[in-house]
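Dear colleague,

Please find the structure that I am handing over to you below. My notes on it follow directly after.

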Number of protein chains: 2
Amino acid sequence: MTGRSYGHYCPVARTLELIGERWTLLIVRELVLGPMRFTDLHGALPGIPRNLLSDRLRDLEAHGLVARRTLAPPAARTVYELTDAGRGLVPVIADLARWGLSHPDPPRPDEEVSPAMAVLAGLAAHVRPGPANGDETYRLEVDGREFTLRLAGGDLTFESGGTEPDLVVSTSAAVLLRLRAGAEPVAKAKAAGRIRFAPDDPVRIRRFLDRFALPTPTARQRKERA
Amino acid sequence: MTGRSYGHYCPVARTLELIGERWTLLIVRELVLGPMRFTDLHGALPGIPRNLLSDRLRDLEAHGLVARRTLAPPAARTVYELTDAGRGLVPVIADLARWGLSHPDPPRPDEEVSPAMAVLAGLAAHVRPGPANGDETYRLEVDGREFTLRLAGGDLTFESGGTEPDLVVSTSAAVLLRLRAGAEPVAKAKAAGRIRFAPDDPVRIRRFLDRFALPTPTARQRKERA
DNA sequence: CCGCATCCGTTTCGATACTG
DNA sequence: CAGTATCGAAACGGATGCGG
């Protein structure tokens, strides 16, 4: 038991006792995108001391939000992954991202941009309900890290690959954030090679931008007309 | 600048720098329900030291999440209220409440139940989109504190009174939580006088329970049929 | 009663060094 | 690679005290 109690019988306080400590929610954010090993986690969270990461993982495991799994002998390694309970925190993280994006603040000197947060913040926070009929799968390649996003109805889940994606998007975390902020039009980034789509199919690209509510000329016009 | 930086250019991390410290979100939770004075806030948050409350309010004000307003001479007092930016955090709080409610944990000895959290956690976290046509206004009287909730479409806002409510609900925070948890049927609580409705109109009561997704026999049957 | 400042023991954080 | 151990620096918790 590490998270100090608030002494309130309150769901909000209870939850904060579990995930309200420094770094905890950022660790969860990383794990949302898939299981990770200790060192990779440490690398994905610049600035976190290893002992704190160790402590947090222990607490998260004790509270059933994270599970450790030991991989089979060939690559015998321990990985940390979210439990279902842990995945239940995704809306919280998405809301925090939404809030942050709606109160922009330019990057400060020496700040690092992580691919995971670009994916989650730039995309996951703004999923729009799509056509009820079709599922879509996207593969994001962000600064060398790969994420597979599956959209079914209004729900977004992350997969560890396997499924053949409808569209592969390759870009950098910084560009993803610039797109989200509307600081750079998609067309321009594409022309400059800062974002690539495969296949280069306008219909699929448009649907991708639409589902993730990325600013497009059309979206802007739609807004102005309203 | 008090919230230590994470050194990440990430909306989630940025937001956590502002509201990730201990007590901060609970203070915001209280203020969601309306402007409050220092001492009332202190009373509504059992266990918080006054100096911490003071510190947090200062930080929140510095970051534009909270504004202090001095009331007119007759009752010349300072009140703290959320800014629009601060109100933007409501979804975060609602998600935390939702998560907490879905991972129940019985009350621990010596824990206090606050009316505000019962309102927010028990009701606000589960608002169902209602009929697009009609707005509804409810007055909650919880352990002596009054809250006016206005529902317009899927949006919930809190008012400081004035509007004539469609329904007045009087109960205690504990009962509200028990209803939410399905630990006690509404009918039983009503019969025992633990919750009162005015006017005692079945149609309005049903709509109230429906909009806030409180477990009702009908809702349960609906679930089982599905 | 209100809001805040000060003091002080305890807990947490964070940087570095260290071990299997 | 995957953590532990240690230790100084902050932050926190709680008890005051002090002007409005």
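Through which surface do the copies meet? Of the interface residues of chain A, 100% are also interface residues in chain B, so the copies meet through the same surface. Please bear in mind that this is a predicted model, in which local features need pLDDT of at least 70 and side-chain atom pairs count only at pLDDT 80 or more, while totals for chains, interfaces and linings use all residues. Residues are numbered from 1 along each chain as its sequence is written, chains are lettered from A and ligands numbered from 1 in the order in which they are written, and side-chain values use heavy atoms, with hydrogens and water left out.

Symmetry

Chain A is superposed on chain B by a rotation of 180 degrees with 0.0 Å of shift along its axis, at an RMSD of 0.1 Å (least squares on the C-alpha atoms of residues with pLDDT of at least 70 in both copies). This is the relation of a two-fold axis. Within chain A, Val92(A) has the C-alpha nearest the axis, at 2.8 Å from it.

DNA strand D

There are 21 residues around DNA strand D, and those that come nearest are Thr39(A), Ser54(A), Arg22(B), Asn51(B) and Leu52(B) (a residue is near a strand if one of its heavy atoms lies within 4 Å of it). The residues of this surface divide into 5 nonpolar, 5 polar and 11 charged (Ala, Val, Leu, Ile, Met, Phe, Trp, Tyr, Cys and Pro count as nonpolar, Asp, Glu, Lys and Arg as charged, and the others, Gly among them, as polar). At least two residues each are supplied by α3 (38-44) and α4 (50-62) of chain A and by α4 (50-62) of chain B (helices are DSSP runs of H or I with at least four residues, strands are runs of E with at least two, and both are numbered from the N terminus).

Sugar or phosphate accounts for 67% of the atoms of DNA strand D within 4 Å of the protein, and bases for the rest. For Arg4(A), the partner is a sugar or linking oxygen, 3.2 Å from a side-chain N or O atom.

Salt bridges

Over all chains, the structure holds 44 salt bridges (a side-chain nitrogen of Lys or Arg within 4 Å of a carboxyl oxygen of Asp or Glu). In one of them, the closest N and O atoms of Glu30(B) and Arg29(B) are 2.8 Å apart. Glu30(B) is buried at 0% relative accessibility, and Arg29(B) is likewise buried at 0% (buried means under 20% relative accessible area, exposed over 50% and partly exposed in between, with a 1.4 Å probe and protein chains only).

Arg139(A) and Glu146(A) also form a salt bridge, with 3.9 Å between the closest N and O atoms. Here Arg139(A) is buried at 14%, whereas Glu146(A) is exposed at 51%.

Asp95(B) is bridged to Arg98(B) at 2.7 Å. The two lie 3 residues apart in helix α6 (residues 90-102) of chain B, so they are separated by about one helical turn. Elsewhere, salt bridges that share partners join Arg14(A), Glu17(A), Asp105(B), Arg108(B) and Glu111(B) into one network.

With kind regards

Methods: Polar contact = N/O pair within 3.5 Å; in protein donor to acceptor, adjacent residues only side chain to side chain. Contact = heavy atoms within 4.5 Å.
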